[in-house]
Amino acid sequence: MSNLISKPVTDNAQVVIANEAYDLRSHALLDAGNIVAVDDVFDANAAATAQAALKHILTEIESSRKDVKAPILQIGRKIDAIAKEFIADVVTEEARIAKLLGAYQRIERDKKVAAQREAMAAENAIMIEQAQKAADSGDVMKPIEQTALDKIAELRNQVADKHDAVAGVKVKTTTKFEVLDAAVLLQARPDLFTPDDKKIRAALKLTKTIPGINVWEETKAY
């Protein structure tokens, strides 16, 4: 855990639901439980009253939650702003160095891969030569000559000497992009565009018929 930013005193903060809220909830749930069907105007009035009591609790609790949470959120925003401002130059420099070092590491990594391929090819040539010698001697079980083993070991050691990558530094290559023309992209790859719920709801206020969308209505009291 880091302590580079001083921590506000919030450990002992207690959040308590008022007794009044418990009473309101108990009465509202009791009345709501008595509503099992709405068959006449009497039932409808009782249901409307029960729903109003439930909605009152929801509204008041939501309002109270926002009021209690507001100063804490403000502290969080201040912490984020202070941290972001403080590390702005650090982020910029770290990203710059990461690109420079990443480019170098990638070049050295490619050198290593090329060296490994060369060494493998040379090893294969040595093994083929040893196999041919064994076949020529008539002893296919003849062990590999020590000079050949030494040469293979030397080839493997040389791989490490053919690159200067920094140990422990990893390289990750990511693909970046920017949209130059949304219309052209939509025509070429419509599968890359996700339907926007907000825009669809706005369109449904003008028409209920939109190709590709199933539209239905739900009726709820409020």
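**Close-up views of a pocket and a helix pair**

**View 1. The largest pocket has a volume of about 520 Å³.** The model shown here is predicted. In this pocket, 18 residues form the lining. Nearest the centre lie Ile-17, Ala-18, Ala-21, Ile-61 and Ser-64.

**View 2. Two helices, α1 and α2, each supply at least two residues of the largest pocket's lining.** Helix α1 covers residues 19–33. Helix α2 runs over 41–137. Which helix gives the most to the lining? That is α2, with 9 residues.

**View 3. The lining of the largest pocket includes nonpolar, polar and charged residues.** Nonpolar residues number 11. Another 5 are charged. The remaining 2 are polar.

**View 4. Helices α1 and α2 cross at roughly 150°.** Their axes come within 9 Å. Angles over 145 degrees count as roughly antiparallel, so α1 is roughly antiparallel to α2. Is the crossing left-handed or right-handed? The crossing of α1 and α2 is left-handed.

**View 5. Residues of α1 meet residues of α2.** From α1 come Leu-24, Arg-25, Ala-28, Leu-29, Asp-31 and Ala-32. On the α2 side are Ala-50, Ala-53, Leu-54 and Ile-57. By class, the residues of this contact divide into 8 nonpolar and 2 charged, with no polar ones.

Key:
Residues numbered from 1 in each chain as written. Predicted model: local features only at pLDDT ≥ 70, side-chain atom pairs only at ≥ 80, totals over all residues. Heavy atoms only, no water. 1 Å grid on protein atoms, 1.4 Å probe; cavity = no way out; pocket = protein on both sides within 12 Å on 5 of 7 lines; lining within 4 Å. Points joined across faces, edges and corners; volume = space filled by probe spheres on them. Helix = DSSP H or I, 4+ residues; strand = E, 2+ residues; numbered from the N terminus. Nonpolar A, V, L, I, M, F, W, Y, C, P; charged D, E, K, R; others polar. Axes fitted to C-alpha atoms, helices over the stretch in contact; angles between N-to-C directions. Parallel < 35°, antiparallel > 145°, perpendicular 65-115°, else oblique. Left-handed = near helix turned anticlockwise from the far one by under 90°. Contact = heavy atoms within 4.5 Å.
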